Amino acid sequence: MQGFINLNKPLDWTSHDCVARVRRLLHTSRVGHGGTLDPAASGVLPIAIGKATRLLQFLPQDKAYRATIQLGITTTTDDLEGEILTSQPATDLSLEQIVPKLKQFQGKIVQIPPKYSAIQVGGKRLYDLARAGEEVDVPERTVEVYKIEILNWQAGDFPKLEVAIACGAGTYIRAIARDLGAALGTGGTLAALTRTRSSGFEIAASLSFDELATQLERGTFEPIPPAKALQHLPSVNLSEPVARKWCLGQKIPYPEVPVTMTNDTCLRVENEGDRFLGIGRLVQTDDVCLLAPQIVFVPS
């Protein structure tokens with residue numbers, strides 16, 4: 001069994017827990033996930049099965065979330081799972097005050113990730129260092145937020161703002177919640193988070209563990225084919241003789257490269273029957289362009 005599962009991760013499960021459960025359900029050890037999702041968050045967690053684990057790196061990187069930000073509170077973890085650091089009612093805060101502040105969190109922005117995160121500093125995870133009480137300088141990172149849309153506003157002593165966020169890889173929604181609260185002067189933390197899109201998979205088409213187990217029991221489960229998951233990549237179809245050479249590890253001549261492609265562009269490689277063969281990489285020199293095997297998924 002090879003391919004992907006669009007899994008709807010439940011609350012209070014780690015990404016590793018999900019991988020372990022899929023291994024048991026499918027009776028296979030070769031399972032991986034595409035993009036860690038915190039236990040306090042639910043939603044889309046791409047799962048790869050079999051040789052498809054080698055293809056996780058080629059999936060689209062954009063993500064989308066539905067987040068609830070609670071204002072007036074700060075915590076150690078930048079979400080409600082952590083210890084409360086400050087608590088100050090923000091009764092007078094209005095939505096009109098928030099809208100202009102949200103603009104500074106769109107586009108390419110610089111973030112300081114939460115101290116409780118999986119980023120490594122000096123070979124150690126930040127959350128391990130934080131739990132050990134060690135103070136470290138968390139490195140900044142540049143991320144991109146494509147869009148923030150306000151979904152709901154709930155006024156009160158500790159107001160709640162629900163937003164939809166579309167962003168690039170590496171964006172911490174907890175950091176946006178924390179930094180929005182700082183910009184408003186009230187403090188803020190993440191109260192709830194659902195990932196609605198990841199690696200090209202949408203939550204509307206995701207499977208819960210119960211649904212996955214039912215499909216397996218009925219014999220109706222089919223993983224998402226690699227060719228479908230990698231549709232965002234440009235493709236090339238090879239004739240059978242050329243496909244055999246490519247699958248044996250040989251670089252083959254490639255026609256004139258379109259302006260949208262450059263050296264090191266990755267392509268979805270298929271044969272004349274549209275069978276997915278793997279991932280190729282363009283290698284361009286002064287006088288020739290070659291298609292080199294990056295990952296050979298199946299023999300031609």
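Ser239 sits in the loop between β14 (235-238) and α7 (240-247), where helices (H or I, at least four residues) and strands (E, at least two) are DSSP runs, numbered from the N terminus. With a relative accessibility of 26%, Ser239 counts as partly exposed; buried here means under 20% relative accessible area, exposed over 50%, and partly exposed in between (1.4 Å probe, protein chains only). Ser239 and Arg268 are 29 residues apart along the chain, and their C-alpha atoms are separated by 14 Å. The structure is a predicted model, in which local features need pLDDT of at least 70 and side-chain atom pairs count only at pLDDT 80 or more, while totals for chains, interfaces and linings use all residues. Residues are numbered from 1 along each chain as its sequence is written, and side-chain values use heavy atoms, with hydrogens and water left out.

As for the protein as a whole, 7 helices and 18 strands are found. Its C-alpha atoms fill a box of roughly 70 × 55 × 40 Å, taken along the principal axes. Of its 300 residues, 44% count as buried. Contacts are defined by heavy atoms within 4.5 Å; among those between residues at least 6 apart in sequence, 68% join residues at least 24 apart. The accessible surface comes to about 15100 Å², and 48% of this belongs to carbon and sulfur atoms. Accessible areas come from the Shrake-Rupley method with a 1.4 Å probe, and for residues only the protein chains shown count as cover. On the charge side, there are 31 positive and 33 negative side chains, and the centres of the two sets lie 6 Å apart. Lys and Arg count as positive and Asp and Glu as negative, with His and the chain ends not counted; the place of a charge is taken as NZ of Lys, CZ of Arg, CG of Asp or CD of Glu.

Turning to the helices, the axes of α2 (residues 95-102) and α4 (residues 173-184) come within 10 Å and cross at roughly 120°. These axes are lines fitted to C-alpha atoms, for helices over the stretch in contact, and angles run from 0 to 180 degrees between N-to-C directions. The crossing of α2 and α4 is right-handed; a crossing is given this label if the near helix is turned clockwise from the far one by less than a right angle, and is left-handed if anticlockwise. On the α2 side, Gln97, Ile98, Lys101 and Leu102 take part, meeting Leu180, Ala183 and Leu184 of α4. Gln97 is partly exposed, its relative accessible area being 40%. Leaving aside neighbours within four places in sequence, Gln97 is in contact with Asp92 and Leu184. Gln97 and Arg141, by comparison, are 44 residues apart in sequence and 27 Å apart in space, C-alpha to C-alpha.

Thr171 counts as buried, at 9% relative accessibility. Beyond its neighbours within four places in sequence, Thr171 is in contact with Gln111, Val143, Glu144, Val145 and Ile176. The C-alpha atoms of Thr171 and Val110 are separated by 9.7 Å, the two residues being 61 apart along the chain. Another loop residue, Pro255, lies between β15 (252-253) and β16 (266-271). Pro255 is exposed, with a relative accessible area of 54%. Along the sequence, Pro255 and Cys289 are 34 residues apart, yet in space they are 7.3 Å apart, C-alpha to C-alpha.

Most residues other than glycine have a negative phi. Asp12, in the loop between β1 (3-9) and α1 (15-26), has a positive phi near 70°. Asp12 counts as exposed at 63% relative accessibility. His27 has a positive phi too, near 55°, and is found in the loop between α1 and β2 (31-33). His27 counts as exposed, with 72% relative accessibility.
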